[in-house]
Amino acid sequence: MQDIRLIALDLDGTVFDDQKHISPRTLAAIRAALDAGIDVIPATGRSVTGVPEEFLHMEGVRYALTSNGASVVELATGRPVVTLPFETDQALKVLDVLRPFGGAFSLFVNGECCTDEAAAAEVERCCPPELLPYVRASRVLVPDLAELIRTRPGEVEKFSILYADTETRDAAEKAVLAACPDVDATSSVKDNLEVNAPGVNKGRGLMALAAELGLRRDQVMACGDSGNDLAMIQMAGLGVAMGNAFPEVKAVADVITADNNHDGVAEAIERYALGNA
């Protein structure tokens with residue numbers, strides 16, 4: 001058994017089942033890891049305001065990795081541990097390229113998920129039904145996203161857009177990578193595009209936190225399922241893909257566990273962090 005001291009858990013498609021619930025077995029496994037002195041953190045594309053209450057109020061959960069690694073915060077104090085934002089000019093360029101494609105458009109700024117009226121009107125058309133409650137509750141309406149970028153330098157963490165169809169999503173990704181080839185473009189759910197600053201991903205944020213905690217790579221485990229988890233599964237000492245993971249995620253994982261509807265996270269924690277057969 002490896003000496004795992006830090007476990008990073010993706011949320012959607014990993015900790016959450018398809019109904020957006022965390023099973024009792026998974027919660028118990030997380031609790032057991034925390035009681036064993038292992039740091040367990042949510043590692044999500046969501047903003048910090050979108051981290052579920054089950055994590056935020058669980059004693060012993062000290063950190064949250066959010067916005068695909070652009071931000072790691074200490075939950076008790078709000079202290080930023082890792083901050084990897086866009087430069088202002090590049091954020092404005094990404095906005096200019098992506099806005100013509102429409103969609104339910106949002107901008108993550110210093111832990112908040114911001115949108116404008118035009119993008120908010122697209123939410124019901126573009127958002128998967130199981131995500132609607134989270135999206136409705138987490139978005140902050142602002143009058144002008146470009147003005148928000150200009151007035152909040154060093155705070156723009158991520159772009160996240162839900163499209164009504166795969167063709168539009170793929171065209172938007174192609175356009176933004178043509179205009180800004182260094183940005184990190186990934187996806188967390190169907191017909192979703194997430195764009196981070198160059199070189200920013202969950203893996204980079206996770207390993208920066210590990211360094212802050214004085215941990216070696218082999219003491220870090222990461223569990224995930226989708227494109228925005230790929231980097232952290234590659235970089236962690238033990239990368240775990242859910243049984244429902246994208247093929248490219250399974251291809252780089254060290255192990256593949258059960259899917260998100262059958263306690264894949266609990267299985268990974270029990271077997272590889274706690275040493276249960």
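**Entry 1: salt bridges**

I searched the whole structure and got 20 salt bridges. I note here that the model is predicted. I then looked up a few of the pairs.

I began with Arg-31 and Asp-35. Their closest N and O atoms are 3.2 Å apart, and the two form a salt bridge. Both sit in helix 2, which covers residues 24-35. They are 4 residues apart there, so about one helical turn separates them. I checked how open each one is. Arg-31 is partly exposed, at 27% relative accessible area. Asp-35 is exposed, at 59%.

Next I took Asp-170 and Arg-169. Their side chains meet in a salt bridge at 3.5 Å, N to O. Asp-170 is partly exposed, with 39% relative accessibility. Arg-169 is buried, at 9%, because buried means under 20% relative accessible area.

**Entry 2: a buried pair**

I asked which residue Lys-202 forms a salt bridge with. I found Asp-229, with the closest N and O atoms 2.6 Å apart. Lys-202 belongs to helix 10 (residues 202-212). Asp-229 lies in the loop between strand 12 (220-224) and helix 11 (230-235). The pair therefore ties together parts that are 27 residues apart in sequence.

Are these two buried or exposed? Lys-202 has a relative accessible area of 0% and is buried. Asp-229 is buried too, at 0%. I followed the shared partners from there. Asp-10 joins Lys-202 and Asp-229 in one network of salt bridges.

I moved on to strand 4, residues 71-74. I wanted to know which residues lie on each side. Ser-71 and Val-73 are on one side, and Val-72 and Glu-74 are on the other. All four are buried, so both faces of the strand are covered. In a regular strand, side chains alternate between the two faces of the sheet.

I looked for the pairing partners. Strand 3 (residues 63-66) pairs with strand 4 in the antiparallel sense, over 4 bridges. Tyr-63 has Glu-74 of strand 4 as its bridge partner. The hairpin of strand 3 and strand 4 has 4 residues between the strands. Ser-67 takes a positive phi near 50° in that hairpin.

I counted 5 residues between the strands in the hairpin of strand 4 and strand 5. In this hairpin Gly-78 has a positive phi near 80°.

Methods
Residues are numbered from 1 along each chain as its sequence is written. This is a predicted model: local features need pLDDT of at least 70, side-chain atom pairs count only at pLDDT 80 or more; totals for chains, interfaces and linings use all residues. Side-chain values use heavy atoms; hydrogens and water are left out. A salt bridge is a side-chain nitrogen of Lys or Arg within 4 Å of a carboxyl oxygen of Asp or Glu. Helices (H or I, at least four residues) and strands (E, at least two) are DSSP runs, numbered from the N terminus. Buried means under 20% relative accessible area, exposed over 50%, partly exposed in between (1.4 Å probe, protein chains only). Two strands pair if DSSP finds at least two bridges between them.
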